[in-house]
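Trainee: I would like to learn how to read a few features of a model. Please show me the structure and take me through it.

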Amino acid sequence: MSNQSGRGRIAGLPEWDRCAVMGVVNVTPDSFSDGGRWFDTTAAVKHGLEMVAQGADLVDVGGESTRPGATRVDEAEELRRVIPVVRELASEGVVVSVDTMRASVAAQALAAGAALVNDVSGGLADPAMIPAVADAGAPFVVMHWRGFLAGGNVRGVYDDVVTEVVDELHARVEAVLAGGIAADRIVVDPGLGFSKDAEHDLALLAHLDRLRALGHPLLVAASRKRFLGRVLAGPDGAPPPARERDAATAAVSALAAHAGAWAVRVHEVRATADAVRVVRAVEGARTAAGAPGAPGADRAHQAHGTPHTPGACAPDARPVDTTATTAAAATTPAASDTTGARASEGAR
């Protein structure tokens, strides 16, 4: 993440020169993708360290599934699951994010060494969350959220999903600012899969520039979610299992990195770590090619029949944004997804 790349700087966190990779450690028995695999503290810590070795820049530790219909765990159980893992990973020098909707869990995780609070409710689930994070001076992820994904009351109806998500996130950011969290410690997340159908998720990915225009670093959490299953569905319409969506996740990570996302949140790190590094290398090559005196810079302008003027491009040499076209093409298998499972696997 660098200011020059336009990804934004988050006070209190390291600065990366590219889109960061956030690895997911679900210390839960029931998360939609990998529930139960890392439920034991030792296994969870080992998994977190493996993710860092594979290229994760930070690790997001959560003790409560947010999949549709999941029963909330009580505070004591969430603390039992999360705090030992946060403490051990932080003691190993890992940059740790805590994925929680409870102020008490956030506060104790920060005291145990966590550096970031990732609240899928954006502080709406617990009125004490914003004051707790503000008092700690910690960075905070504000996700677009319309309520708990229980039953059919998920309010996943939109006239214009991009405009509505941007407007609702803006209003939530204003409330967080009013609650005392500094502007340079706020991250926004469009909440892919939360109260959204596949076409909503794809539309948001196609317009990440609108989300970045909110003026805060952007986190994209698409990993293994249902909309990818719809895109990858076979001739019979059956989506592949969640753990078979990692290549598609890496593709979204590359698109998000290219669009200027600050970080992507993923269950399988290696492919995404490679993807964002390739994007960074291409960005560097583009910058070098456009610099005055760079090899090929004059030839590129001559090919368009125009003299080379530093910082200027020929009118017909403007880059074409194909992101929306790519996303639109991908929606075809998703078009029939009107089953009412609008929550999808917004679940962690």
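Trainee: Which residues have the most contacts inside the largest nonpolar core?

Mentor: A nonpolar core is a set of buried Ala, Val, Leu, Ile, Met, Phe, Trp, Tyr and Cys residues joined through side-chain atoms within 4.5 Å. Buried means under 20% relative accessible area (1.4 Å probe, protein chains only), exposed over 50%, partly exposed in between. In this predicted model, the largest core has 68 residues, and Val-61, Phe-140 and Val-220 have the most contacts inside it. Helix α5 (residues 161-178) gives the largest share, seven residues. Another core, of 13 residues, lies apart and includes Met-22 and Leu-116.

Trainee: Which way do the side chains of strand β6 point?

Mentor: In a regular strand the side chains alternate between the two faces of the sheet. In β6 (residues 186-189), Ile-186 and Val-188 point one way, Val-187 and Asp-189 the other, and all are buried. Helices (H or I, at least four residues) and strands (E, at least two) are DSSP runs, numbered from the N terminus.

Trainee: Where is Ser-195?

Mentor: Most residues other than glycine have a negative phi. Ser-195, in the loop between β6 and α6, has a positive phi of about 55 degrees. Ser-195 counts as buried because its relative accessibility is 1%. Helix α6 (residues 198-206) is largely enclosed by the rest of the structure, because seven of its nine residues are buried.

Trainee: What limits apply to these values?

Mentor: Residues are numbered from 1 along each chain as its sequence is written, and side-chain values use heavy atoms, leaving out hydrogens and water. Local features need pLDDT of at least 70 and side-chain atom pairs count only at pLDDT 80 or more, while totals for chains, interfaces and linings use all residues.
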